[in-house]
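Please open the model in your viewer, colour it by chain, and keep the selection tool at hand. The stops below are meant to be followed in order.

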Amino acid sequence: MAATVDPPTATPTQQPVPQVVTRSVRPEPKGFTSWVTTTDHKRIGIMYMVTTFAFFLMGGAEALLMRLQLGSPDNTLITPGTYNALFTMHGTTMVFLFVVPMMAGFGNYFVPLMIGARDMAFPKLNALSYWLLLAGGIVFYGSLFFGAPEAGWTSYTPLSSVAYSPNGGIDAWIFLVHLTGLSSLIGAVNFYATIANMRAPGMGWGRLPLFVWTILVYSILLILALPVIAAAVTLLLTDRHFGTHFYDPTQGGSPMLWQHLFWFFGHPEVYIMVLPGFGIVSEVLPVFARKPIFGYKAIAASTVVIAFLGLLVWAHHMFTTPSPAVVLVFFMLGSFLIAVPTGVKIFNWIATLWRGTVEFTTALLFCVGFIGTFLMGGITGIFLAVFPVNWQLHDTYFVVAHFHYVLMGGAVFGIFAGIYYWFPKITGRMLSEPLGKASFVLMLIGFHVTFLIQHSMGLSGMPRRIYRYPDVGDLALYNLISTIGSFILALGILLTVINVLRSVKRGTVAGPDPWKGNTLEWFTQSPPPVNNFDILPRVRSVEPMKDIRRQVARQSGGDGDEPVAPTEESLVRG
Amino acid sequence: MNRIPAALRRRSVFLTTCAASLLGSLALAGPAVAGLFGPESGGSPNADRIADLYWIIFAIALVVFVVVEGALIYSLFKFKARKGAVAAQIRGNTRLEIGWTVGAAVILVALAVVTFIKLPGIRTPDNSGANGLELADGTLLAASPTKERPPNGKSLNICVNGQKYVWRFTYADDCTRNDFKAPFAYTTMVVPTDTTVTLDITAQDVIHSWWIPAMGGKMDAVPGHYTHTWMKVPGEKANTTFSGQCAELCGRNHADMVAFVRAVEPAEFEQWLDEREIDVKEANEAAAEQRKEFEGSDDSIEQSSDESTP
């Protein structure tokens, strides 16, 4: 069949083809070495995803241990020191070793494919960012054998100073922040350069897939926020070991400096974690609603606005600190403002489903779970933004519930949607849908059982980060419910792990475009060849694959379901 | 045709019953609602006002929650893929999009207005009541700019000092001065009812956070800084002990750093304070005597005045 995507506009140039003369050809590395030496964005992407998922499981195990300890009042299962180490490891792992690099993993694999590029702009730097991440994780978990950090993922001074945390755990934490930060920074520059320079012909900024938009903004946020935390932890390091007093109140320093620097990074970090999740939802929803995304420009613009405002609200984590009222008011109103672009996104997603023909695939279910759960996290965020109310809720289980709704219900559900949506592209095989749906249902129920009741714990006066609580009021019941929920949630995650392990070898063969997707990654084979694309179509809309299918249908008289087989003369050379 | 409305009606009856029973049980549950759905209060007017503000936000949030989740679930099932159904190829609707952007903004403006109306009552302490402790004229100290005083300037000031893992309460007006003669207590703060009590909060080692849920919001105790809050226990709550605990991670025994506030009649409070004053004085004298003895017996050992922690 003659699938004409574009009339040949570019005539081959008449210049002589440069000759490459090779003296010797090294054999392609195989097996283990091929992974260690690879600079292929797809292999690096897979390594990112597998590694970070392993860290996710470790962080999850830490969470389960904490929930076991809190399952009954005055429990003595875990010692206070171990408990503090557990929540420090859990938070740090989830933020620095799971969500942020997992998004980098998706970005690595799919940004070049979605924009029709051969690879990332700097393939060797790309490999470096992966290996720095792994090094960061190993250094951090190495501290388990010497003395784990116990100051929480926020490592507030003076608790993290050498006087109150004498062991090397905090130093391991500082090292992790530096290594993973460098990894993310290099990765972010790489993403930026790739997206800015390597888009397919015809793919202007207005035709950039929304996931790529979010990765672009994610990169910019990383570039702006990471140097600040790098500076902050360096000051902490010199305070701890080289006699400086930046954070030491007895010598004219101030613990407030740490908090400001930390949250100047820490709040954008929240959007760094959740924006790519927004991107995944914005890709998956229109595919399974069989309807274009509603308000492409509004969604892309709100991503940028959220990122901008996200840089201006850091002190809403510090409403109970000694700060003047005008500061509190500024950061309250700033936090309110963020709700507007976030609300716009949610409305646009619902409008994308509206009058569509919604196919209940697992990926779509995770997206819907994401929207519903994230909305609740956003609403409790408004409670926390009102600073007089924050005075009651701050540092309680209400906050724990809030940010798990945002990050677990938000980013993690987005990640799972991405796993179910893109697994066929990565492996060439489908994940089991029934198992996937079971996993979704268990995760959704488990999640809400675990975290909804935590709002009530906080309202009843239970602070976070306590290793035990007395048997007063209904705290024992609330905590028991939460502990049961956490194991349901874990079971749901386990089902997806089983699903992945089973389907890698035995899943149904997917073919290049099992979902009838919209974006260019579905144009190539599954899994894609090393060079990604032999030829590329000229991009004419946000949904190039839909255009191609339509054209095929028009020319073959079919209904557009045939696989795309473009002929060479009909396409622009990639 | 007939069956669907019937089913719908049955469903709506069911939903109404659910909602009614939920609201009914909420109204009947009374104090149980605080803790399950709302913050604790009752120990001080600022806690009550924070709770009021919380419930206003809760009401608005509940409406937003029901409408948006409803729209999500409705569109999911209403537009489920069916045979012959064709998805409408809509790419956007500028008017609608501007509409909901403005709508979201209006809700937030309303929330901001409500907050600003409620704020002064929460931040600025009330005047002491008629049955409260007789207070001297406020020694209007040049305290930090964030410190709020009641309109008449009179309050009982208590210095709160967080230390691993205990709270120290010093009954003094100027917390920056280490007044060794001032009466103090650990863990349990005794306050007179119907009297405005202002707190100057700090810490001497790591950051702690002062929080008695029923008596209002928490304030961090940051070494090198002072934060402020206030409380005024209503008269009928005499002989009540309110409990709370440190709310900022301060080390391994963070969970055990508890605090209590015991409210007593002003007369009983004065008596207690006098007793404490005498105790402190006697202890200071005993310590001075011991030191003299010690110094007299061995001059070579250097002495440091460490008998009192600030």
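Contact here means heavy atoms within 4.5 Å, and that cut-off is needed for the first stop in this predicted model. Select B:M189 and display what surrounds it: leaving out residues up to four places away in sequence, B:M189 touches B:I158, B:V160, B:F169, B:Y171, B:L199, B:W210, B:M231, B:F260, B:V261 and B:R262.

Next, widen the view to the core around this residue. B:M189 is among the residues with the most contacts inside the largest nonpolar core, a set of 242 residues, and the others named with it are A:F106, A:W349, A:W422 and B:W210. To follow this core into chain A, select α3(A), which supplies its largest share, 22 residues.

Now show both chains as surfaces and turn to where they meet. Chain A brings 89 residues to the contact and chain B brings 79 residues. Between them the two chains bury about 7000 Å², of which 71% is on carbon and sulfur atoms. On the chain A side, the residues that lose the most area to chain B are A:W391, A:Q392 and A:L459, which together account for 10% of what that side buries.

Stay with A:Q392, which is found in helix α11 of chain A. Is A:Q392 buried or exposed? A:Q392 is buried, because its relative accessible area is 3%, whereas the cut-off for buried is under 20%. Apart from neighbours within four places in sequence, its contacts are B:P39, B:E40, B:A47, B:I50, B:W211, B:P213, B:G216, B:G217 and B:K218. If you draw a distance from the side chain of A:Q392 to the backbone oxygen of B:P213, a polar atom of that side chain lies 2.8 Å from this oxygen.

The last stop concerns the polar and charged pairs across the interface. There are 19 residue pairs in polar contact between chain A and chain B, with both residues at pLDDT 80 or more, and the rule also finds three salt bridges. One to select is A:E543 with B:R91, whose closest N and O atoms are 3.0 Å apart. To finish, select the elements that give two or more residues to the side of chain A that touches chain B, including α3 (80-115), α9 (325-353) and α13 (433-459). α9(A) gives the most to that side, with 14 residues.

Notes: Residues are numbered from 1 along each chain as its sequence is written. Chains are lettered from A and ligands numbered from 1 in the order in which they are written. This is a predicted model: local features need pLDDT of at least 70, side-chain atom pairs count only at pLDDT 80 or more; totals for chains, interfaces and linings use all residues. Side-chain values use heavy atoms; hydrogens and water are left out. Buried area is the accessible area (1.4 Å probe) that two parts lose on being put together, summed over both. A salt bridge is a side-chain nitrogen of Lys or Arg within 4 Å of a carboxyl oxygen of Asp or Glu. A polar contact is a pair of N or O atoms within 3.5 Å; within protein, one must be able to donate a hydrogen and the other to accept it, and residues adjacent in sequence count only if both atoms are side-chain atoms. Helices (H or I, at least four residues) and strands (E, at least two) are DSSP runs, numbered from the N terminus. A nonpolar core is a set of buried Ala, Val, Leu, Ile, Met, Phe, Trp, Tyr and Cys residues joined through side-chain atoms within 4.5 Å. Buried means under 20% relative accessible area, exposed over 50%, partly exposed in between (1.4 Å probe, protein chains only).
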